[in-house]
Amino acid sequence: MNHDPSRRAFIKAGAALGAGLTLGFHLTAARAAKLAIPTPAGEAFAPNAFIRIAPDGTVTVLVKHLEMGQGVQTGLPALVAEELEVPWQDIRVEAAPADASLYNNLLWGPMQGTGGSTAMANSYEQLRRAGATAREMLKAAAAQAWQVDQAGLKADAGAILNPATGQRLSYGQLADAAALMAVPKQVELKSAKDFKVIGKGFKRTDTRAKSDGSAQFGLDLHLDGMLTAVVARPQRFGDTLDKFDAGKALAMPGVKAVFAIPAGVAVVAADTWSAIKGREALKADWAAGPAAGLSSAAIFASYRDLAKQPGAVARNDGDAAKALAGSAQRIAAEFEVPYLAHAPMEPLNCVVQVQADGCDIWTGDQFQTMDQNNAAKVLGIAPDKVRIHTLFAGGSFGRRANAQSDYIVEAVAIAKHMGVPVKTVWTREDDIHGGYYRPCYLHALEAGLDADGRPMAWQHRIVGQSITAGTPFEAGMVKNGVDNTSVEGAANLPYAIPNLRVDLQSPKLPVPVLWWRSVGSTHTAFATEVFIDELAHAAGADPVAFRRGLLKDHPRHLAVLDLAVDKANWGKPLPPGWGRGVAVHESFNSYVAEVAEVSVQPNGEFKVERVVCAVDCGLAVTPDVVKAQMEGGIGFGLSAALHSAVTLEDGRAEQSNFDDYRILRMKEMPRIEVHIVASDAPPTGVGEPGVPPIAPAVANALFAVTGKRLRKLPLGSRVS
Amino acid sequence: MISFTVNGKPHSVDVPGDTPLLWVLRDHLRLTGTKFGCGESFCGACTVHIDGKPAKSCSVEVGKVAGKSVTTIEGIAGPVIEALRAAWSELDVPQCGYCHSGQLMRAADLLAHNPRPDDEQIDAAMNGNLCRCATYQRIRDGIHAAARRLGA
């Protein structure tokens, strides 16, 4: 066996440097599992991180990020197709295995995972280099075959071409030989003017499978001998299992086992419905925990008290208190946002098989490395013995990026107990009751204007649970008592206000919380963009002109604002009962402005009629996916703006399914236009940044029509 | 044993008659294109056709389907679904895609009865099918595009 130490060293060094750049050509699954190294010449096997070329010329791109709808299995392969010069229709896509040494998120350090709208920003250079390196190795192989200088050769539509002779060798023909070529240390990336794929109108790779029922989500997986489990969990957060009587559950048809696990009581059956019926028959008693008596009303009452006390300082420019005291006009307001469940259409689920040599997990996984570690702890094995097979997720929005790996570790515990493959299924009620919510927050703002209506002081206090406290992210995310995920979008307020203070109270509550699509900006954008509108009104200024005057040093904010208001015909009269509102916000290094048009009936019922969105996400690699993410982000944000809330009573969620945890329906979807700012800046994320501006834009539009300031979400569908 | 036809093939299943059709399709017949979203007919992800009419399979007891003909996303055929699939591809309608089996089964029923629906008719027909990714605008546009294809 001809191990090639140099290539192995390359992989390791690449991973250590954070470049993670390796590539190879084809290899059999069995060999790949056994060896991360090339095998003898002639078999053309090679180590492989991102690209495989089969003898038939098929190019497979391995995507390390979870496809949950945001289009990573389209945008990332496009980067390879561009540099490798492969026609788009010849590209195949596979989810990469869990292996942080090859597939870490470059923006997160030694961890594989998807979130923070990082996939494209991470991959833009990494995958182009992977493609370009493969291209140069294929050229080298062709040069050797033809005994010519590599410099004169050209990659063209899945083949290497010798323009001098007209000879062509396809990538399939060259794959074996290319695997033996030296990995070039430096490769030249194409210049943007030569792009054939990036920024062009190519199609998603997953649409057909998602239109004929063949796309495989975690919930769809079936293994031989597999059983299905549901878990009875405490309905009140923090309660613990006191005792349970399995008798009636075990007597139900199909039920195989009932036993306690740390999360509650597992009911394992031959199929999903039998497990659900078995759980209904289960008798379990729970001991009251720290959430007993806790209600949303009490939480907000305590938050209002906390908002009277200074918190940990997130930003402190000038002297806001002094400037406030000296201002000509003072404006104060409080904003409230509730707990929110992610409620992806695919309820949580996980398939686990525990075997002698380790454990296999199949699920739509956002946090592979963390999930490997947590699963390994349950089993007492090394994390690299936990093999994660990442499938499509039917949405996630952050729910599957959980430092506790809650939905995975319970499945591992059950599979370990059973000794056969087990699929766990969460019902919709389990999902809505299950916690890991976007925290509820209170924002208390006060600002001072001078005699000319210019804001001189801005004081912003945020009260709400820290998402990262108690997790491995705390060390990196919490500085001087400030969890950045609580203040992002507020502490970096772009408006030029000389005296500006933002501080934070982070009370601890026994309600598990988590990031939710656009994280801190889900609430900071609402508070800041409604409040700035209030200041504009107090100053007697047009909301757009007022913002413009304060954004002189923020050209990218200004550009999206200008584009959106221009396309929305800001200032042009609307029918009676209609109004416009605007918001502009940066999140995850992308800039989005949205103008919402609403119509309000005499009885106060309103409808969001139209939204004009402008986005600057740097270079738009996949323009149609960018548009889709803005459309979807606006619709997702509208769910929260109008309807969604989890409220607590006696420590339990009062909502349980889509009848009372409402999300946007077809009839409520406005007509959305998306305009992309032309840019050659490095690409930034689009999965999340469409969400934050819509709630404030709608609230501001409703103010424009009704004169009523709406400072509490959800808004409902009527202004009272 | 409960006997019925799925996608043109006869099937007999030995399950309690109150088992939802959804779980029979998914767990017993392994037709997993039909999705579980809520279990209470709030979301429409589980939409199938029973004797040609759309139904939310999470809320249909399999015992009530005896002798009937069920069509799922895997089995639906003909010019309407092909036009919808072509439109879905043309506009890249799905994002996560999980709800789209149900969306397409519902849309196919709409177009079968109303070859040129307007926005309001589309909204009314599709309002029971939730999409958490909010692909609603492209669903609307996709149905219009499919209607144009069928009219051509």
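Helix α3 of chain A is mostly covered in this predicted model, since twelve of its 13 residues are buried. Those buried residues pack against strands β1 (51-53), β2 (59-63) and β3 (91-95) as well as helices α5 and α19 (623-642) of chain A.

**Helix α3 of chain A**
- Among the buried residues of α3(A) are A:Val72, A:Thr74, A:Pro77 and A:Ala81, and A:Glu82 and A:Glu83 also belong to this buried set.
- At 1.5 Å a residue, the 13 residues of α3(A) should span 18 Å, and this agrees with its end C-alpha atoms, which are 18 Å apart.
- Just after α3(A), the residue A:Glu85 takes a positive phi of about 60°.

**Crossing of α3 and α5 in chain A**
- The axes of α3 (residues 72-84) and α5 (residues 119-146) of chain A come within 7 Å and cross at roughly 35°, and the crossing is right-handed.
- Residues of α3(A) including A:Leu76, A:Leu79 and A:Glu83 meet residues of α5(A) that include A:Met120, A:Leu127 and A:Arg135.
- Sorted by class, this contact of α3(A) with α5(A) has twelve nonpolar, three polar and four charged residues.

**The two domains of chain B**
- The domain assignment of chain B gives domain 1 (2-71) and domain 2 (79-151), and the C-alpha centres of these domains lie 22 Å apart.
- Twelve residues of domain 1 of chain B are in contact with ten residues of domain 2 of chain B.
- On the side of domain 1 of chain B that touches domain 2, strand β3 (residues 47-50) of chain B gives the most, with three residues.
- By class, that side of domain 1 of chain B has five nonpolar, six polar and one charged residues.

Key. Residues numbered from 1 in each chain as written. Chains lettered and ligands numbered in written order. Predicted model: local features only at pLDDT ≥ 70, side-chain atom pairs only at ≥ 80, totals over all residues. Domains from an automatic or database assignment. Contact = placed C-beta atoms within 7 Å. Helix = DSSP H or I, 4+ residues; strand = E, 2+ residues; numbered from the N terminus. Nonpolar A, V, L, I, M, F, W, Y, C, P; charged D, E, K, R; others polar. Axes fitted to C-alpha atoms, helices over the stretch in contact; angles between N-to-C directions. Left-handed = near helix turned anticlockwise from the far one by under 90°. Expected span 1.5 Å × (residues − 1). Buried ≥ 20, exposed ≤ 12 C-beta atoms within 10 Å, placed from the backbone.
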